[in-house]
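These are my notebook entries on a single structure. I set down here what I looked up, entry by entry.

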Amino acid sequence: MNSQSMKAAAPESGDDVVTLKDVRVTMRDGVRLATDIYLPARDGKVLPGPFPVVMERTPYGKAELSRSEIGRGEAKPMARTAVAAHFVRAGYAVVYQDCRGRYGSEGEFVKYVSDAEDGYDTCAWIVAQPWCNGRIGTMGLSYAAHTQAALASLTPPGLACMILDSGGFSNAFSCGIRQGGAFELKQATWAYNRAQESPDALADPVVAAGLAAEDLHAWFRVMPWSEGRSPVRWVPEYETYLLDQWRAGTFGPEWKRPGLWLEGFYDAVPDIPILLMSSWYDVYVKTTFDNFAGLGASGRRHLNVIMGAGLHGNRQSTFAGDVSFGDAAPFDGNVGTNWLDFRKRWFDRWLRDEPNGLEADPTLRLFLMGGGSGEKDADGRLVQGGRWIETSHWPLPETEQQSWYIHGNGRLSRDAPAPDAAPLTYDFDPADPVPTIGGALTSGQPIFEGGGFDQREGPRFFGSRDAGMPLIARRDVLAFESLPLEEDMAVIGPITVELWVASDAPDTDFTAKLVDMHPPSADYPTGFALNLTDGIFRCRYRKSWEKPEPIEPEVPFRITIEPFATATLFKAGHRIRLDISSSNFPKFDVNPNTFAPEGHGRTRRVARNMVFCDGARASQIVIPVVPVASLSEHRLERARQPGRSA
């Protein structure tokens, strides 16, 4: 790899920025990746340098708009050229690169699997350039966070700091591609949507027209897909990687590699400062906190965590779904002056060694949801409210792990269940799965959307059949509610649900959902069942992720479901609710209950599932409770943040 490919690129010059478009950077296997380089200049001529480098590797088009580059109150994102210019004028070189097989880059796109080696080779190329001073900082949202974690796993030359924004797989098998053994169907919607930008679709109007003519809603009703029997069949390489992910149900070698399994490479990651970001309705909550714990275990790295309220990458939004968190929620004006200057401050400290007080920033900044009026705002959303808090530990040091037990009468309480309580039984029919109504979701359009919603069926939610009816009216949903809380209760931290269960099927799933049950009001006469977090467990993996085993019919066993962590304030008068069922579709694929190989279950059977709630087999949710009185010690003072983050 050398700079020869750079000479062929035609520069675009401005007074203070020179841009080299579509530089071809050669990888170890000869594939060339399209790369844009922005360099500081004076009067249209590149300054002598060398410079520290800011890099982003993306599958979404290095010259395309990134939805993450938007400021509070702005109507549309900044162009990448404008973002680059911001850093270039501060003395940085900026590199944007298309991932292999995407947009201008050569090679075959196999989602996630080439990003470690390609990222390493790109870093090696950059540090060999005369305009690089040997130090590289990386940034990017979602897939562009995965590319950072991937290259960091191989200890690349020059890597000096990272901003992992809503991504960077700690373990894609447990969060991001699969979860609790189930397959996350955002991978299916992503593959279909992105196939329309593939080289095949851009080069062949027949392929483009075929993809556009597919009815994705209809295809979601005939899952699982197979070779040549999917809406992605028009671009075979996309269909192949998707089906490979879907069918890789056991935790084998295909998962234990750079780019999918940062947990296995924490010691290989350079001892560099890393900022980890996510939000409570994002799909990477678990990834973020797993990486915080794993990367921090050595005590050698400077780490910061910022957890917002909303959806994946929507850091400037005041809402998620049908729930409003108010003006305190956006990043700009609350955590920092603005997102662009915040990153400049980060790079100034860790790439240029400029003292700017960054070390005094809180280790973790978390948005605590809740505390609002519960009324409808002008946009028709429930006012949930919230505020930012700070802490140096996760979970918070004052946390009490409280066990709340389920009871046969539908009660959720701290009281232990009766010794002889009968199990609760329901039939789970894979042909009629429980519809997904919000939650930690992304990339699901046009099938599903994430966020907080009243847990009630309706035409907006794929798979709904009884519009207006609450999910708990279904016979295959078990709901357990506490009595109205006598005082406010802060729930901050990881959630675990421990169930004793049985089934007459050789395999089945169990799901769990934590709900903030708002009381009836003038705006919501029947209350508002706000989903906070949910999880799933596929029972064939109850003994091992590596060796699935069929269920022994009607023999009780214990499972642990791990919904994502949350931070929410249950107000006095609200109820804590736990919903248990066996499907959450289309967030997750539906278990056919047959023990068929993953992604191959064309036949289905109804499973008779049982959940136990007796003294010897007590099922419970373990809730991390933080004393409300202590929260004043963790308040993030908004007034001081803009100055500190400018």
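I began with helix α9 (residues 236–247), whose 12 residues should span 16 Å at 1.5 Å a residue; the end C-alpha atoms are 16 Å apart, which agrees. I note at this point that the model is a predicted one.

I then asked which residues of α9 are buried. They are Tyr-238, Glu-239, Tyr-241, Leu-242, Leu-243, Gln-245 and Trp-246. I looked up what these buried residues pack against, and found β9 (178–179), β10 (182–183) and α5 (186–195).

For comparison of length with expectation I turned to helix α3 (residues 115–127). This helix has 13 residues and reaches 18 Å from its first C-alpha to its last, close to the 18 Å expected at 1.5 Å a residue. I list its buried residues as Asp-115, Ala-116, Asp-118, Gly-119, Asp-121, Thr-122, Cys-123, Trp-125 and Ile-126. As a general point for reading such lists, an α-helix has 3.6 residues a turn, so residues three or four places apart point the same way.

**Backbone entries: positive phi**

I looked next at Tyr-112, which is found in the loop between β6 (93–98) and α3. Tyr-112 is not a glycine, yet its phi is positive, at about 80°. Is Tyr-112 buried or exposed? I record Tyr-112 as buried, because its relative accessibility is 3% and the cut-off for buried is under 20%.

Asp-43 also has a positive phi, near 55°, in a residue other than glycine. I located Asp-43 in the loop between β3 (32–42) and β4 (45–46). With a relative accessibility of 65%, Asp-43 counts as exposed, since the cut-off for that term is over 50%.

**Backbone entries: cis peptide bonds**

I looked up the peptide bond between Met-223 and Pro-224, and it is cis, with omega about 5°. Pro-224 is found in the loop between α8 (216–220) and α9, the helix with which these entries began.

I noted a cis bond from Phe-585 to Pro-586 as well, with omega near 20°. Pro-586 is found in the loop between β28 and β29.

**Ser-582**

I stayed with that loop, between β28 (575–581) and β29 (607–612), where Ser-582 also lies. Ser-582 counts as buried, at 1% relative accessibility.

Which residues does Ser-582 touch, not counting residues up to four places away in sequence? I find Tyr-426, Phe-428, Thr-508, Asp-509, Phe-510, Thr-511 and Asn-609. I also looked up the separation of Ser-582 from Thr-508: the two are 74 residues apart in sequence and 7.2 Å apart in space, C-alpha to C-alpha.

**Strand pairings**

I traced the partners of strand β7 (residues 132–138), and began with strand β5 (residues 51–58): these two pair in the parallel sense over 4 bridges. In this pairing I find Phe-51 opposite Cys-132 in β7. β7 also pairs with strand β8 (residues 159–165), in the parallel sense over 3 bridges. Here the bridge partner of Ile-136 is Leu-159 in β8.

I then examined an open sheet of 3 strands, in the order β13-β14-β16, with mixed pairing. β13 (319–320) and β16 (382–383) stand at the edges with a single partner strand each, so one side of each is left without a neighbour in the sheet. Strand β14 (residues 323–324) pairs with β16 in the parallel sense over 2 bridges. I note Leu-382 in β16 as the bridge partner of Val-323.

**Cavities**

How many cavities of 30 Å³ or more does the structure hold? I count 7 of them. The largest cavity contains about 150 Å³ of space. Of the 18 residues that line the largest cavity, I find Ser-278, Ser-279, Gly-308, Asn-314 and Arg-315 closest to its centre.

I looked up which strands contribute to this lining: β11 (274–281) and β12 (303–311) each supply at least two residues. β12 gives the largest share, 5 residues. By residue class, I record the lining of the largest cavity as 8 nonpolar, 8 polar and 2 charged.

Note on methods. Residues numbered from 1 in each chain as written. Predicted model: local features only at pLDDT ≥ 70, side-chain atom pairs only at ≥ 80, totals over all residues. Heavy atoms only, no water. 1 Å grid on protein atoms, 1.4 Å probe; cavity = no way out; pocket = protein on both sides within 12 Å on 5 of 7 lines; lining within 4 Å. Points joined across faces, edges and corners; volume = space filled by probe spheres on them. Nonpolar A, V, L, I, M, F, W, Y, C, P; charged D, E, K, R; others polar. Pairing = 2+ DSSP bridges. Expected span 1.5 Å × (residues − 1). Buried < 20%, exposed > 50% of the residue type's maximum accessible area, 1.4 Å probe, protein only. Contact = heavy atoms within 4.5 Å.
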